[in-house]
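User: I would like to learn how to read chain contacts, cores and helix packing in a model. Please take me through them one at a time.

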Amino acid sequence: MTMLLFFALAAIAVAGAVSLILQRHPIHSALSLIVVMVALAGLYLLLGAEFISAVQIIVYAGAIMVLFVFVIMLLNAGEEERTNFSRMAAYVGLPLAAVLAAGLVYWTAHEGTGAAAPMQRPATRPLAMLLFQDYLFPFELTSILILVAILGAVVLARREEGRE
Amino acid sequence: MVPVSYYVVLSALLFGLGVIGFLFKRNIITMFMAIELMLNAVNLAFIAFSRALGQLQGQVFVFFVIVVAAAEAAVGLAIVILIARNRKSLNIERVDLLKL
Amino acid sequence: MSEFLAQHSLLATSVVKTVIFLILVLTALAYLTWFERKVVAHIQSRWGPYRVGPHGLLQPLADGIKFIMKEDPMPAGVDKFVYLLAPLLAMSVALTALGLIPFGPGTIKLFGRETSLGISDLNLGLLFLFAITSLGVYGVALGGWASNSKYPLLGGLRSSAQMVSYELSLTLSVVGVLLIAGTFSLREIIQSQGGWWHGIPRWNLLAGPAPQILGFFCYFTAAVAETNRAPFDLAEAEQELVGGFHTEYSSMKFAMFFMSEYANMITVSCLATILFFGGWLSPFPASGAWSATRYIPAAVFVICGLTLIWDGIRYTTSSGKIVLPVLGLVLGAVGAMTAMPFAINIIQGPFWFLTKVLFFLFVYVWVRGTLPRLRYDQLMSIGWKLLLPVSLANVLLTSLALVVKNR
């Protein structure tokens, strides 16, 4: 059952990523990326990281991608122009990439470490203990980082008007 | 039970697709989204290894990666708005000179 | 067949519960529109729907038929995929959020498996509820953009900016409750509010070392803004932006946006009762002299039934003279059944839960009918400059109170 879920979510994630590359309009790429993120949140649930899965949806799919969608709408981004795909890429590059990917899959899939180590369920309380005790300093640093990012974004995107 | 290597392969695939997207697309916002895809692939690898080793440090690191990605997306998109305002185009091939 | 069901009992129970739930919720959504129209009308000294069936009770049915039969144009130049996706996204996110809410205590036995009353019971239920509601922004933003028109684009951008801003205060105002309860699971949050303290039930609103009054007001204000309801509905009001993000939508797609707004209202009201008002816990103790309060559900049903009979007999149209008393008799029979020993304990939890949710829905509609609309800049400044600091202050005060109590 877990295998079935894993392959379904992995297929959705890879399909979303391929769609991100192949779509012409940025808004469709953004929607594909949202699909990838939700599929990854499902994979995190399978791996027992429930809190991170919820945080991924709240922060990544629910806030960062909303920001992307806003900017695409505000800037009225249009479709990309068609260019001629380089023939070297199409005839040599893509097959090589496919061979590389197949080799990667073959070599690492046989490497498989067996069953995963048991995790404490739910992982929220131990995660909070780690975050607020051992990693308190990086946690406070990230809050300063976010403050700096807010200031930077507001100052950069402000429309330059003359003060009257 | 799904072996950890499956997750690592999926993460590598997604990362590779992100690299392809970054190299081949010409819209700045789409390139930015390919960067976010790469970050997500790395997060998946972190959590898979955190599960394999039974430690929670991987999840803590993913937490920080998500926060840093949020900050970076905010500032990066503000810069993109400025570029679009000054050069009137979102095509990366028009942003190759310092001169406007 | 029966061993298939026994093996896959989880799947079977989930499917059955989901189907029952969908039917009940969609009917409730339809009648919520009737409720709103009647209450707003009575606030404005008029009657509201009165003719389509006795007391306008068939109005939602008429509206549904209208939505299905209406012409469904697709404007020129829209992005077809996104135009069709936006209402679907809004509706599915709204309904998924409702699936996380527990409606009553205890378990029922279905297909040989004990399941809870409510589709799912996650131990990170509250966090996932916020995750799902944060995806609701996309329905509005994409709907506004895909319509390829000025007013919807502006309305969509404004609505989604408003939703994103108030989401912060919404989640922060709930942190006080989380600190007190110590868990994300909605069921356990309700259970931690049990017991009485000098006659006052220990709901999170009133009792304990940190009564969450500030948190509740922040939560409810942020929730009204988050669901784009009056007085925060500038972005979709007819007088302002022609209709905002759903201007170019009609018939079934508009119905989906409409329904998703009401479903969000129901979700928010359910969360308010669970987090601040004790969920399915009765305000009266169940022991000693108060055990007669267990008959309150039956009494309420019987009184409603009698009122319907009395009103129906004197109704104007002849069909109303028959239908309403019959409805009244049915309600009375339901009331009598719930007073029987086999049903009296089962009905307590869901009855109090639904009563409190109905009260919150009434407050929603009341606020809509009474308060004037806020201008967009006033709205955004309230969200960022008033609610966010107040909810942060609430978190601070709650944690201080808890530290002092545990010292």
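**Chain contacts**

Analyst: Among the 2 pairs of chains that touch, chains A and B have the most contacts. Two residues are in contact if their C-beta atoms, placed from the backbone, lie within 7 Å. This is a predicted model: local features need pLDDT of at least 70 and side-chain atom pairs count only at pLDDT 80 or more, while totals for chains, interfaces and linings use all residues. Residues are numbered from 1 along each chain as its sequence is written, and chains are lettered from A and ligands numbered from 1 in the order in which they are written.

User: How many residues of chain A are in contact with chain B?

Analyst: 64 residues of chain A are in contact with 56 residues of chain B. On the chain A side, α3(A) gives the most, with 11 residues; helices here are DSSP runs (H or I, at least four residues), numbered from the N terminus. By class, this side has 53 nonpolar, 9 polar and 2 charged residues. Ala, Val, Leu, Ile, Met, Phe, Trp, Tyr, Cys and Pro count as nonpolar, Asp, Glu, Lys and Arg as charged, and the others, Gly among them, as polar.

User: How many residues of chain A are in contact with chain C?

Analyst: 14 residues of chain A are in contact with 16 residues of chain C. Helix α3 (residues 50–74) of chain A gives the most to that side of chain A, with 11 residues. Chains B and C do not touch, and their nearest C-alpha atoms are 14 Å apart.

User: How do I read a nonpolar core, and how many residues has the largest one?

Analyst: A core is a set of buried Ala, Val, Leu, Ile, Met, Phe, Trp, Tyr and Cys residues joined through C-beta atoms within 7 Å. Buried means that 20 or more other C-beta atoms, placed from the backbone, lie within 10 Å of the residue's own. The largest nonpolar core has 163 residues, and those with the most contacts inside it include A:Met65, A:Phe68 and B:Ala48. α3(A) gives the most to this core, with 16 residues.

User: What describes two packed helices?

Analyst: The angle between their axes and the distance between the axes. The axes of α2 (residues 28–53) and α3 (residues 57–87) of chain B come within 9 Å and cross at roughly 175 degrees. Axes are lines fitted to C-alpha atoms, for helices over the stretch in contact, and angles run from 0 to 180 degrees between N-to-C directions. α2(B) is therefore roughly antiparallel to α3(B), a term for angles over 145 degrees. The contact of α2(B) with α3(B) has 15 nonpolar, 6 polar and 1 charged residues.

Methods: Helices (H or I, at least four residues) and strands (E, at least two) are DSSP runs, numbered from the N terminus. A residue is buried if 20 or more other C-beta atoms lie within 10 Å of its own, exposed if 12 or fewer, and partly exposed in between; C-beta atoms are placed from the backbone. Angles under 35 degrees count as roughly parallel, over 145 as roughly antiparallel, 65 to 115 as roughly perpendicular and the rest as oblique.
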